[in-house]
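This briefing covers one protein model. Please look over the sequence and the structure before reading the notes below.

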Amino acid sequence: MIGFLALCFACFFGLWAYAKIAGPPPIKVPETTIFYTAKGKVFAEAEHQSQNRFWVKIDDISKPLIKATVAIEDKRFFTHNGFDMRRILGSAVADLSSFSKAQGASTITMQLARNLYLYNDKTWTRKFLEVFYAMRLEMHYSKKEILEAYLNTIYYGNGAYGVEAASRYYFGKEAKDLTLSEASLLAGIPKGPTYYAPDENFDNAKKRQRLILNEMAKDHYISKKEAVQAYHTPLHLLTNHESPPRKAPYFEDMVQKELRDRLHMDEKTIATSGLKIYTTLDLDLQKKAEFWVKHVINPDSTIQAALVAMDPKTGAVKALVGGRDYQKDAYNMATSAKRQPGSSFKPFLYYAALKNGFTPSTLLTSEPTTFRYDDGRGKYSPENFGGYYADGPITLMQALALSDNIYAVKTHLAIGMDKLVDAARKMGITSPLSPIPSLALGTKEVSVLEMARAYSTIANLGTRVTPHFITKVVDKSGNTIYEWQPKKEKVLDPATSFVLSQLMTGIFDPKLNDYTKVTGYSVRNLLSHKVAAKTGSTDTDSWMVGFTPQLTTAVWVGYKDHASIKTYPDATYSKKIWANFMEEALAGKPKNSFKAPDGVVKVWVDPDTGKLATDACPNARLTYYLEGTEPTEYCDKHKGRRYVPGEKDHGPTDDLLNRLKNLLPW
């Protein structure tokens, strides 16, 4: 007998020594990753096999829940060394008498060991390993750390692991806010997560709650009176557990893509590492974007839409709509699809033109034209929308505002077709481009995100930024493992960029000439802010892209299968979505936030002639030029009074100014 006891002691001591040498086993469990908006508000949680896990510090768990758990699961938790010998001996006697392993004597420490490192099978090997891991836990962690880990890993049914997930699921509150009545009900669930789940078996849950409250009273955690009161306190269980609609699903997908591509994380790591992902999302702008996509487009239409809004100064994507209904189609038309931008590509051309001898006053004839290129071997015969031509000379400022295709192709060929490719590349277009005549009319496909980036380069006075969705990633220990560093590169001339931006405000002018209206005329009444923009349309795609110095927005509308846009409403959706969104997004901002850089001058010009305006010019426009390129001759088409240097007022008469102010939206 003495020999047997000595052998048992030697085995136990050897096991103890090995556990000591082995060191602390890692307490690592899957935790749900959370996504935050730019303002620090939660907008999404990563999903993983329908499990919810949130790790909270023990100080953020309600005291009644801690006491209830200890009272029912392991009364002597704070006094034993991982093993409750009374329970072990009692369990052993019961097992031997019944020739089974049915009785449990597991302490909280042993349960934690099983939950973290072992399978839940009833074998002697598993019980031995459970003891071994329990020894290691008790040797290297405090009771507080062990209890915290247990409460964060135990299963409470319905996919809820840990007290925080359970508290949210059953009561819609954080674990630190649980009452005695709620805590005593939750503490009973781990015994049988299905049998004691209060939303499925309320009567069973209440019976176990009574038992737990009585045990708490016996252990002097509460009084008998408090136990009775807690039992009879009405409980408000959540009954509707349908997942709420995701707040920004296309944006969330891009965040996860950025985590995979930039931080090289796999999907399991993203979903189960308990990360805090801080993003660029402006939830208010996101709601506005989704609202206008939904309310502008006819609900019966099958046409699709995409929108990207970003900060041109930093590249932070503030809102993203990748389609009309994520539940029906998760394909992201804003980032994954590429479509012909049409005339919304022309600002890149006109930047190149301004850098190669053109000014806002440069005149070219608009008339049906067949262009020859490639040393005369190729022919190209573009047409103006609706068959409208000036049949005479028009200025660059008119050509951009009216979206004249003949002027654009003439400019493209005049400066050299490689110049447009180069300008587009500098601004941020990465899709394949070719130096062909039709490129001036946007015949090469690009993404909505690319267009937003390229226009942001103009808005940012020539500084290109990289679009991004994540600002910071924090691990579950609070360590910052990634932080976005803005990538800015000066690629364009600031003065030329500003002159271009002011020309792009011309699409909202009341009138630039007598033969047609500007392309933004139909939505100019929706805008009260000065904005720069360009429309674009092809047989299958409708675009509107524009900006202020604070916000760039690109909108595309079209059919996913490239079907033709045949009806008038379909062709106008992009303009209406863009204008309504921008007006709401800019609410409270200055009406005109454009600030001229050095190297530009402004003069009143007659758009028809490109010359200095007289007081008789009916459509005089305040126009910016690169310093030294502004016109010096006065308009001779509209006979009127000229101004001479030194006069106080160098623009149109006060009467004309007042009329212009009433017409212009800013």
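Which residue just after H18 takes a positive phi? Leucine 461 does, with a phi of about 55 degrees. The model is predicted, so to speak of local features a pLDDT of at least 70 is needed, side-chain atom pairs count only at pLDDT 80 or more, and totals for chains, interfaces and linings use all residues. Residues are numbered from 1 along each chain as its sequence is written, and side-chain values use heavy atoms, with hydrogens and water left out.

**Whole chain**

- The protein chain has 21 helices and 21 strands; helices (H or I, at least four residues) and strands (E, at least two) are DSSP runs, numbered from the N terminus.
- Of its 666 residues, 55% count as buried, where buried means under 20% relative accessible area, exposed over 50%, and partly exposed in between (1.4 Å probe, protein chains only).
- Among contacts (heavy atoms within 4.5 Å) between residues at least 6 apart in sequence, 70% join residues at least 24 apart.

- Helix H18 spans residues 448-459 and reaches 16 Å from its first C-alpha to its last, close to the 16 Å expected at 1.5 Å a residue; the expected span is 1.5 Å times one less than the number of residues.
- In H18, 12 of 12 residues are buried, including Glu450, Arg453 and Tyr455.
- Helix H11 (residues 249-263) has 15 residues and reaches 20 Å, close to the expected 21 Å.
- Buried residues of H11 include Tyr250, Phe251, Glu252, Glu258 and Leu263.
- Histidine 264 follows H11 and has a positive phi, near 60 degrees.

- In strand S17 (residues 541-547), 7 of 7 residues are buried.
- Asp541, Trp543, Val545 and Phe547 lie on one side of S17, with Ser542, Met544 and Gly546 on the other, and both faces are covered.
- Strand S16 (residues 532-537) pairs with S17 in the antiparallel sense over 6 bridges; two strands pair if DSSP finds at least two bridges between them.
- Alanine 532 has phenylalanine 547 in S17 as its bridge partner, and a hairpin through 3 residues joins S16 to S17.
- S17 and strand S18 (residues 552-558) run antiparallel and are joined by 7 bridges, with glycine 546 opposite threonine 553 in S18.
- The hairpin from S17 to S18 passes through 4 residues.

**The S20-S19-S21 sheet**

- This open sheet has 3 strands in the order S20-S19-S21, with antiparallel pairing.
- Strands S20 (611-612) and S21 (621-626) stand at the edges with a single partner strand each, so one side of each is left without a neighbour in the sheet.
- Strand S19 (residues 600-606) pairs with S20 over 2 bridges, and valine 605 has leucine 612 in S20 as its bridge partner.
- Helix H19 (residues 494-504) lies across S19 and S21, running at about 160 degrees to S21; axes are lines fitted to C-alpha atoms, for helices over the stretch in contact, and angles run from 0 to 180 degrees between N-to-C directions.

**Alanine 38**

- Alanine 38 is in the loop between strand S1 (34-36) and strand S2 (42-45).
- Alanine 38 counts as partly exposed because its relative accessibility is 45%.
- Its C-alpha atom is separated by 4.8 Å from that of threonine 280, 242 residues apart along the chain.
- Leaving aside residues up to four places away in sequence, alanine 38 touches Thr279, Thr280, Leu281 and Lys318.
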